[in-house]
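Here are my notes on the model, as numbered points. Please read them with the structure open.

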Amino acid sequence: MPDAPPNIQKYLGLPLSMREILALDLQRPWVLEPILGLGDRLMVVAPAKVGKTLLVTQIASHIVLGEPAFGYKTVPRRVLYIDFEMGLYTINDRLKKLARLFPDALQDLLYFQVRPRSVAAAIDAVGKAWRQWPEVLIVDPAIRLGYEDENNNAQVRKHLDQLSTYAEEMGGAAVILVHHAGKPVRATTSKEYEPIDMGRGASSFKDWMDTQFSLIGRVNDTRYILHTFSRISAPQDPIVLDRDPDTLLYTLVRGHETGAEALAQMLQQVRGELGPDATQSRVVEETAQRLRVSARTIYRKLKGGEDKI
């Protein structure tokens, strides 16, 4: 296990000069580099039954083992998954499939709490049972935090702040919160939907999180798009994933590190499939549909705009 991060709690709330802050020379202890570190908050959003719990379980497994998760570097961390939805039979079935593909070390570092009375009760049980606090705390789903109205900013923020307090009391754990999707936000300059902002309910969710994963897909589909928005990293390109129907594991088809060059190659591939008579706009629209992003996003990601397609 990595060394504990430097204790920054004693500095919080104090007036610090720029010189004092620079003298701290802090290095963020990563969980998923460069989008989630210890003390940070990730929200995973997707429509019902698309596979967000499967995705988060797999990400947790990669974190425990310190193996790359869909192109993101990880460091071995202790993980606690508090699950309010799946029953023990379902978790047992899913972990049997994971256990065949991951080493035994996974079994001692990844913990589940199935349908506890509340997050507070789950944390209390962990405090009594564990010798070391988890470094990553996963709560699934957000609605079980205890708020009555997910559209009420004051209620939602109160419970999100309480979750952050639990993480801080653990020594600065990273938090991964699983949340159901709402309607995509319609872009103001386009008739198409931008899928990045799909979180349901109050705007407090967006204010609270440091990074958001938005999983786009259809029920019983095998191809998915993972969009990332983060205020602690540079913009990330969409990640294309395939999910095996037997193992239920996601595999990386095309990652955020590919950038504009790979996007241009895909545009050329689509042009070849559509034929020489296909217009530029038709090629872009078809590519956008396959990636499940807007045509405006395609144009924005290509240096030089439409004339470079």
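1. Which residue just after H2 takes a positive phi? Gly-66 does, at about 70°. Helices (H or I, at least four residues) and strands (E, at least two) are DSSP runs, numbered from the N terminus.

2. This is a predicted model, in which local features need pLDDT of at least 70, side-chain atom pairs count only at pLDDT 80 or more, and totals for chains, interfaces and linings use all residues. Residues are numbered from 1 along each chain as its sequence is written, and side-chain values use heavy atoms, with hydrogens and water left out.

3. Helix H2 covers residues 52-65, 14 residues in number, and spans 20 Å from first C-alpha to last. That is close to the 20 Å expected at 1.5 Å a residue (1.5 Å times one less than the number of residues).

4. Three strands form an open sheet in the order E2-E1-E4, with antiparallel pairing (two strands pair if DSSP finds at least two bridges between them). E2 (36-37) and E4 (73-74) are the edge strands with a single partner each, so one side of each has no neighbour in the sheet. E1 (residues 30-33) pairs with E2 over two bridges, and Trp-30 stands opposite Gly-37 in E2.

5. The second largest cavity holds about 70 Å³ of space. Its lining has four nonpolar, three polar and two charged residues, including Leu-54, Gln-58, Arg-94 and Lys-97. H2 and helix H3 (88-99) are the elements that give two or more residues to this lining. A cavity is a set of points on a 1 Å grid over the protein atoms alone where a 1.4 Å probe fits but cannot get out, and lining residues have an atom within 4 Å of a point.

Notes. 1 Å grid on protein atoms, 1.4 Å probe; cavity = no way out; pocket = protein on both sides within 12 Å on 5 of 7 lines; lining within 4 Å. Points joined across faces, edges and corners; volume = space filled by probe spheres on them. Nonpolar A, V, L, I, M, F, W, Y, C, P; charged D, E, K, R; others polar.
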